[in-house]
Amino acid sequence: MDFNVKKLASDAGVFFTRAVQYTEEKLGQAEKTELDAHLENLIARADCTKNWTEKIFRQTEVLLQPNPSARIEEFFYEKLDRKIPSRTTNAELLGQHMQDAAKEFGPGTPYGSTLITVGEFQRRLGGAEREFLQMSAINFLTPLRNFLEGDWKTISKERRLLENRRLDLDICKARLKKAKLAEAKSACEGDAAPDFQETRPRNYVLSASASAAEHELRVAQTEFDRQAEVTRLLLEGISSTHVNHLRCLHEFVEAQAAYYAQCHKHMQDLQKELSRFPNSFAVNASTSGVSAGPSHLSSATLPGASPPSHPSNPSNALESSTLKIEEVKPPATGTRKAKVLYDYDAADTSELSLLADELITVYTVPGMDPDWLIGERGNQKGKVPVTYLELLS
């Protein structure tokens, strides 16, 4: 118990002297030992690495798990060293709801069968998302977390120790300087009024004090140099940290690319499945203006997809004989703007050729095939396939 009290008192004394030295340095009343330029550059680089790694880590967590409550829950599971429970993704939950709704509406109905198909593909998208989240957490988040919670804590500890060694060194320098000044002052006073009986003991004490201060300075300098070397070696390891994080970044991008490629494939497969269903939601096209607009869903493919084949129109000959394009007048209401998705060459004079990305006005007339609309571009007019358009308004 007596030893612990003495150690506590000693530690308190060291802390106090360091605090005094630090305060005097900040006030410009004490000299400060500067680190060499190379070590200062390493420290600045390490601080930059830590700050940006922390920002990237936090934002990646937000990207992978936007729900803050779920992130907090995962944090506690990690701190308790327990396995994080598996969560149903939003896409999987949506797919399940769609399939449950189809059972209520009737799986044999057009809406019910479509819900079943879309729900299945939503669940596939959710599975791809789950795999992406797992791979990203293992290959990207974990290495960043290991650096912040492991390597950086070690570096910070050694840097604090280096700062303490520097304060001790400057304290010893100040102490030696005071001892030298006191010794010189005593020598001057002895020369002015020599009294060997009084000055000899005092000079001896001052000389011994200066010698002790010099010894303490040598010890402090050695400890400071040793700690500076340890800290320098750790900080130089930041370069290998960058190399490791670069490899992890490549793996993260690969996981992202694989995930989006899977999503693209699933959506293309879903569009193919939907194109096989009858266009039952366009039966009221003749009474609702251009309500057949949603039928372009199967053609609004992702970038890189080829344009749809020309829509089959068995009644084309009949319409050509009964429908005079030049006599067709746009309705008072029901016209819409449409963006052309692909180039289209007119098959005959009743059709209108299209160029990708141009805007045209479209409308329908009673008796028209729901897969076709009347398109106008300036003074030109003709039938256009719905699957080549994206209705805008």
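Student: So, of the 393 residues of the protein chain, what percentage count as buried?

Tutor: 33% of the 393 residues count as buried, where buried means under 20% relative accessible area, exposed over 50%, and partly exposed in between (1.4 Å probe, protein chains only). Keep in mind that this is a predicted model: local features need pLDDT of at least 70, side-chain atom pairs count only at pLDDT 80 or more, and totals for chains, interfaces and linings use all residues. Residues are numbered from 1 along each chain as its sequence is written, and side-chain values use heavy atoms, with hydrogens and water left out.

Student: Okay. How many helices and strands does the protein chain have?

Tutor: Eight helices and five strands. Both are DSSP runs numbered from the N terminus, helices being H or I with at least four residues and strands being E with at least two. Along the sequence the pattern is α-α-α-α-α-α-α-α-β-β-β-β-β.

Student: And what about the accessible surface of the protein chain, how many Å² is that?

Tutor: About 24400 Å², and 57% of that belongs to carbon and sulfur atoms. The areas come from the Shrake-Rupley method with a 1.4 Å probe; for residues, only the protein chains shown count as cover.

Student: Which share of the contacts joins residues at least 24 apart?

Tutor: 71%, taken among contacts between residues at least 6 apart in sequence. Contact here means heavy atoms within 4.5 Å.

Student: Let's do a helix. How does the span of H2 work out against 1.5 Å a residue?

Tutor: It agrees: the 28 residues of helix H2 (residues 37-64) should span 40 Å, and the end C-alpha atoms are 40 Å apart. The expected span is 1.5 Å times one less than the number of residues.

Student: Which residues in H2 are buried?

Tutor: Leu39, Leu42, Ile43, Ala46, Thr49, Thr53, Phe57, Thr60 and Leu64. An α-helix has 3.6 residues a turn, so residues three or four places apart point the same way.

Student: What caps the N-terminal end of H2?

Tutor: Asp36 does, with a side-chain oxygen 3.2 Å from the backbone nitrogen of His38.

Student: How many bridges does E3 make with E4?

Tutor: E3 and strand E4 (residues 380-385) pair over six bridges, antiparallel. Gly375 has Gly382 as its bridge partner in E4, and Trp372 has Pro385. E3 and E4 form a hairpin with two residues between them, and Gly378 in the turn has a positive phi of about 65 degrees.

Student: Is E3 itself mostly covered or mostly open?

Tutor: Mostly covered: five of the six residues of strand E3 (residues 372-377) are buried. On the E2 side, strand E2 (residues 359-363) and E3 pair antiparallel over three bridges.

Student: What is Thr361 in contact with, neighbours within four places aside?

Tutor: Thr335, Arg336, Lys337, Ile374, Gly375 and Glu376. Thr361 is in strand E2; its bridge partner in E3 is Glu376, and Lys337 stands opposite Thr361.

Student: Last one, the loop between E1 and E2. Is Asp357 buried or exposed?

Tutor: Exposed, because its relative accessibility is 56%. Asp357 lies in that loop between E1 and E2, and its phi is near 80 degrees, a positive value in a residue other than glycine. Most residues other than glycine have a negative phi.

Student: And Ser350, buried or exposed?

Tutor: Ser350 counts as buried, at 9% relative accessibility. Ser350 is in the loop between strand E1 (336-340) and E2, and its side chain makes a polar contact with the side chain of Asp348 (2.5 Å).

How values were computed:
A polar contact is a pair of N or O atoms within 3.5 Å; within protein, one must be able to donate a hydrogen and the other to accept it, and residues adjacent in sequence count only if both atoms are side-chain atoms. Two strands pair if DSSP finds at least two bridges between them.
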